[in-house]
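Thanks for coming. I have one model to show today, and I will keep to two positions in it.

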2 protein chains.
Amino acid sequence: MSNLPTYEDVVAAAARLAGHAHRTPVLTSSTIDAELGASVYFKCENFQRMGAFKFRGAFNALSCFDAGQRRAGVVAFSSGNHAQAIALSARLLGMPATIVMPKDAPAAKVAATRGYGGEVVLYDRYSEDREAIGRRLAEERGMTLIPPYDHPHVIAGQGTAAKELFDEVGPLDALFVCLGGGGLLAGSALAARALSPQAKVYGVEPEAGNDGQQSLRSGAIVHIETPQTIADGAQTQHLGKLTFEIIKRDVDDILTASDAELVEAMRFFATRMKTVVEPTGCLGFAAARRQGRTLAGRRVGVIVSGGNVDLERFCSLTSGMA
Amino acid sequence: MSNLPTYEDVVAAAARLAGHAHRTPVLTSSTIDAELGASVYFKCENFQRMGAFKFRGAFNALSCFDAGQRRAGVVAFSSGNHAQAIALSARLLGMPATIVMPKDAPAAKVAATRGYGGEVVLYDRYSEDREAIGRRLAEERGMTLIPPYDHPHVIAGQGTAAKELFDEVGPLDALFVCLGGGGLLAGSALAARALSPQAKVYGVEPEAGNDGQQSLRSGAIVHIETPQTIADGAQTQHLGKLTFEIIKRDVDDILTASDAELVEAMRFFATRMKTVVEPTGCLGFAAARRQGRTLAGRRVGVIVSGGNVDLERFCSLTSGMA
């Protein structure tokens, strides 16, 4: 496929993001190192602007707009982190943004998107098609539609997190990355193949929705019903065309983690590492932990993708206070 | 006072800690910068080993032991972070450690201290005197007693956190530091006077226990009853002799924060900055926030002292799920 992004696109994205995205910290835990007999490096994108890696891809994509595109602005449909990432990036770059969100999206998320200056267009998710609404808005207003993962500039932007990790800690033996539509995993794989070619790259998705695993093993994109899982950022129904091409080529395997393992990982992050991670952000760590002592002696990277979870939900999941 | 530590002692402590203590990240928040009109730098000691700055002072003090002291080991009395800091430092340095803890200390804290290899001696806090027990053990076993804050090597070690902050972000206009016995505040003030002489240095203690404020204003150490506050790390009854000398000389003022402000700060740290901070660790931020727009245009440092709070307690305090 001719428009597949490459590692050079990741490098170009890193240059565009410099001074705009946070260079997030890499944390370690002697407790987990002792448990696995390994050296584990957590790249903490929950400390990224707006609380998730999604800022990287959105800002990179909008930075590539030409003058006409900037004047007309961007449209996106999302009820999650992509909405806020697009709204914040558009504000920083001084362009209009319209975000299509379901009427029953959490009020906090709608407010956060508006707080970043985005115009929110609400739709009824039971009777209306958000993609059609997005395309119509794009056409009527001359806006550019930026999808949440299946876009070369988005994938390249997401790859900058893994690039920073390798730049900071050097080559690794294994890298665990959460997987929804595959933007973060595909971008991370591009960085890994260039900077740490021997590393095994693993995608991790919820046990309840292993469409990525099925796709990789069957060689074709598998579509599933929206999976029931606490990992709301990974409730995708299928991989993207671009992301799947890269994943097929550059990813070693796709693993899964159960909701119970995600809760246990959230508890570990909060109590031992003092950091708040959303369920989806725990996928990589949960899968690494399930590997146990098979990782002994290895240098292991884990991408912690985000921390956007309501405190009430966080507490009801982790402390049994429902 | 001849044994007051100096900035040179902080520099020497930093050299001893290199490769043993984490160089903790400095986090920022565009939300809080916009709220205050300031640039705020959070030095996050909740990511320090064992979850609090206390590791710095303990490890520095134990590193200064001579061969005989190392063989005999260390004794400490504490029910909090100092206990774990001494136990972990002793294990890393290969010496015995005995920690005197109250019989009714939380089981998790006793277990954590034992987990770090410390021998725990329990006492009845209603009928026995922990200092007397500590002194007796020190005498019987030839062990060296390391107090939690009023010791020159402990103060110098705690000062390395602020030193790292100034080394990373340069001079500041104001620095907010939480205050219990004063070890962290005194050490931070030594670093500030050397590296950012124009900075206003503020200690912050719980509104319910403002003995430090009273002491600074009256010029003599004021003793109070154990204050009722959620900031359990600042439930001290009085400053130390050494810490007070440094605080009198180098600290501009002592401020207070209410328990309600600490809870609000914990919520902000968790939801916006994705980090778990114990109530005591929120004192500096809560006081800075109370200053509001008077900090506009300023460069402000905040030491976040630790993150050791049970998840259940954290959730009952912050999410109203009691």
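I'll start with the contacts of A:V169. Setting aside residues up to four places away in sequence, A:V169 touches A:V26, A:Y41 and A:R299. A:V169 sits in helix α8 of chain A, which covers residues 152–169.

Before going on, a word on confidence. This is a predicted model. Chain A has an average pLDDT of 94, and 99% of the residues score at least 70. For the complex, the predictor reports an ipTM of 0.92 and a pTM of 0.94.

Back to A:V169: is this residue buried or exposed? Its relative accessible area is 17%, and the cut-off for buried is under 20%, so A:V169 counts as buried.

What does A:T243 contact, leaving aside neighbours within four places in sequence? The list is A:Y149, A:D150, A:I155, A:G181, A:G182, A:G183 and A:A186.

Last, take A:G182 as a reference point for both positions. A:T243 is 61 residues away from A:G182 along the chain, yet their C-alpha atoms are separated by 5.4 Å. A:V169 is 13 residues away from A:G182 along the chain, and there the C-alpha separation is 24 Å.

That is what I have on these two positions.

Terms used: Residues numbered from 1 in each chain as written. Chains lettered and ligands numbered in written order. Predicted model: local features only at pLDDT ≥ 70, side-chain atom pairs only at ≥ 80, totals over all residues. Heavy atoms only, no water. Contact = heavy atoms within 4.5 Å. pLDDT = per-residue confidence, 0-100. Helix = DSSP H or I, 4+ residues; strand = E, 2+ residues; numbered from the N terminus. Buried < 20%, exposed > 50% of the residue type's maximum accessible area, 1.4 Å probe, protein only.
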